[in-house]
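Have the sequence and the 3D view open side by side as you read.

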Amino acid sequence: GTTDKGTAVVTNGVPVFTSSAVTEFAYTVTATDGKDPIAGATVVIGGVEKTTNSEGKAVFYLINGKTYVIGAYKGAGVDSAVATVNSESPTITLTLE
C-alpha cells in the first residue's frame, strides 16, 4: 500500500499539506530454532509486535529502503538484526537460540 506522510503548515489561518507518499510492502520475518520454524514467537519491528503463525512467519508492512531493528523471542530463545529492508528481498530469518 501507499502511506501519505508529510507536513502541514498554517499560513494566515490556511493549512497547507505537503505530501511525501511512501510505498509499503509486505516483509516476512521467519523465526526458527536453526532447523524448524517456531510458531508462537513474538516478533517486534518499530514497536509493533506480531506473533508467528504455524510456519514460524509474521508479516509486517514496511517502507522500502528504511532501516529497522528487528527482534524475535520465545522463552529463552532470542535473536535480532538491524536491516535496511528491500522490496526485492522481502524476507529475513531469525534463529532463536
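## A loop to begin with

In which loop is Asn 12 found? Asn 12 sits in the loop between S1 and strand S2, the latter covering 14-32. Please keep in mind that this is a predicted model.

The backbone of Asn 12 deserves a look: its phi is near 50°, a positive value in a residue other than glycine. Most residues other than glycine have a negative phi. Asn 12 counts as exposed because its relative accessible area is 78%, and the cut-off for exposed is over 50%.

## How confident is the prediction?

The protein chain averages a pLDDT of 91, and 91% of the residues score at least 70. Among the elements, strand S3 (residues 42-45) has the highest mean pLDDT, at 98. The lowest mean, 68, belongs to strand S1 (residues 2-11). As a reading tip, where pLDDT is low, the predicted coordinates should not be read in detail.

## The chain as a whole

Taken along the principal axes, the C-alpha atoms fill a box of roughly 60 × 25 × 20 Å. Of the contacts with a separation of 6 or more, 42% are between residues 24 or more positions apart.

## Surface and charge

Buried residues make up 29% of the 97 residues in the protein chain. The accessible surface comes to about 5900 Å², and 52% of this belongs to carbon and sulfur atoms.

If you are thinking about charge, the protein chain has 6 positive and 9 negative side chains. The centres of the two sets lie 3 Å apart.

Why does Leu 94 count as buried? Leu 94 has a relative accessible area of 2%, and buried means under 20%. You will find Leu 94 in strand S8, which spans residues 91-95. Leaving aside neighbours within four places in sequence, Leu 94 is in contact with Val 29, Thr 30, Ala 31, Thr 32, Ile 70, Gly 71, Ala 72, Asp 79, Ser 80 and Ala 81. Thr 67 lies 27 residues from Leu 94 in sequence, and their C-alpha atoms are 16 Å apart in space.

Thr 42 is in strand S3. With a relative accessible area of 16%, Thr 42 is also buried.

Where is Pro 90 found? Pro 90 belongs to the loop between strand S7 (77-84) and S8. Pro 90 counts as partly exposed because its relative accessibility is 28%, a value that falls between the cut-offs of 20% and 50%.

Not counting residues up to four places away in sequence, Pro 90 touches Phe 25, Ala 26, Tyr 27 and Thr 28. Pro 90 and Val 59 are 31 residues apart along the chain, and 9.8 Å separates their C-alpha atoms.

Methods: Residues are numbered from 1 along each chain as its sequence is written. This is a predicted model: local features need pLDDT of at least 70, side-chain atom pairs count only at pLDDT 80 or more; totals for chains, interfaces and linings use all residues. Side-chain values use heavy atoms; hydrogens and water are left out. Helices (H or I, at least four residues) and strands (E, at least two) are DSSP runs, numbered from the N terminus. Buried means under 20% relative accessible area, exposed over 50%, partly exposed in between (1.4 Å probe, protein chains only). Contact means heavy atoms within 4.5 Å. pLDDT is the predictor's confidence in each residue, from 0 to 100. Accessible areas come from the Shrake-Rupley method with a 1.4 Å probe; for residues, only the protein chains shown count as cover. Lys and Arg count as positive and Asp and Glu as negative; His and the chain ends are not counted. The place of a charge is taken as NZ of Lys, CZ of Arg, CG of Asp or CD of Glu.
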